[in-house]
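The following paragraphs go through one protein chain, from its overall make-up to a few local details. Please keep the sequence and the model in view while reading.

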Amino acid sequence: MEDVSISGTPSSSQCPQSASFSSTVTTGTSLSRSTEGSSIQEEMEKSDGGSTSQEEMEQSSTLQSLPDLENLHIDLLDEKVELLINFLLQKYQMREPVTKADMIGNVVKEYKDDFLEILRSASERMELVFGLDVKEVDPINHSYTLANKLDLTYNGMLSDQQGMPKTGLLIIILGVIFMKGNCATEEEVWKVLNMMDIYSGRKHFIFGEPRRLITSDLVMEKYLEYQQVPTSDPPRYEFLWGPRAYAEVSKMKLLEFLAKIHGTNPKSFPSQYEEALRDEEERARARIEATAGTSAMASASSGFSHPY
């Protein structure tokens, strides 16, 4: 069994941190380039015996201002990405489809030339944080819908009046359990969640009180099993997949998602990949048997004649 962590997974609480880091990098780049521009200007002054023409001064000033304009544009696009995420979540909560025209008219507006880039960034965050896929269902009218990743029937909002999707957290926990050999201790699960700034007893703005969600709500939904480790003294607890997870979740799709987070491919995790292949074969057989059973029932029904 491989000890594989998925602590690199982004979370909603990481978004502000990522934005802060991005801002720091942007500021540092701008400062570096500004300093570079000053050095160029000083060298020009030295070479000219301390005098610089007006034209050269204007050129130097223009060169210094270009990075600032680029950084400003990036910051504004990031703001549009955040606004688009909020807009898409509202549509998801109301079970409404959304069109390209809706997104441009309500959010993107004057940045319509950057629409595809904004939508791509928003879609990536929706996938990783909320476990939602943004899918184009009508390429002619550019209509999109939001669907739970991995085809889960759980909408992720049943236990929260605010209706913030929690599917992303569920997928992460199922992933931890799968990568740990289909059984993960409570300590192993919380270690990963703590790296995502999700702590037991500390209310999260998306997931609420995470311990209740994980050990109660998701257990009641039959996605997780939470039980005491046999013979443990003092008592320790572990998580396993619940029957609903086994029924709905393709291990191959889950592994593809985890591999995407790691920037690799599913075959990079050999034991999990082999298990996922077996799971795909079992699901295929189950579908064939179900189809055969349905066909047999239909044939029997059509061949039955009433005696009267």
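In this predicted model, residues 24 or more positions apart account for 58% of the contacts in the chain with a separation of 6 or more, where contact means heavy atoms within 4.5 Å. Of the 308 residues, 39% count as buried, that is, under 20% relative accessible area with a 1.4 Å probe and protein chains only. The chain has 10 helices and 6 strands; these are DSSP runs numbered from the N terminus, helices being H or I of at least four residues and strands E of at least two.

Residues are numbered from 1 along each chain as its sequence is written. Local features need pLDDT of at least 70, side-chain atom pairs count only at pLDDT 80 or more, and totals for chains, interfaces and linings use all residues, while side-chain values use heavy atoms, with hydrogens and water left out.

An open antiparallel sheet is formed by 3 strands in the order 1-3-2; two strands pair if DSSP finds at least two bridges between them. Strand 1 (98–99) and strand 2 (132–138) are the edges and have a single partner strand each, so one side of each lacks a neighbour in the sheet. Strand 1 pairs with strand 3 (residues 143–148) over 2 bridges, and Thr-99 stands opposite Ser-143 in strand 3.

Helix 3 (residues 100–108) has Met-103, Ile-104, Val-107 and Val-108 as its buried residues. Seen down the helix axis, they fall within an arc of 110°, so they line one face of helix 3; the arc is that of the directions from the axis to the C-beta atoms. Lys-109, with a positive phi near 50°, follows helix 3.

The axes of helix 5 (residues 167–179) and helix 9 (residues 251–262) come within 10 Å and cross at roughly 100°. Axes are lines fitted to C-alpha atoms, for helices over the stretch in contact, and angles run from 0 to 180 degrees between N-to-C directions.

Most residues other than glycine have a negative phi, and most peptide bonds are trans. Leu-150, not a glycine, has a positive phi of about 65°; at 8% relative accessibility, Leu-150 counts as buried. The peptide bond from Asp-233 to Pro-234 is cis, with omega near 5°, and Pro-234 lies in the loop between strand 5 (224–228) and strand 6 (237–241).

Definitions and conventions:
Buried < 20%, exposed > 50% of the residue type's maximum accessible area, 1.4 Å probe, protein only.
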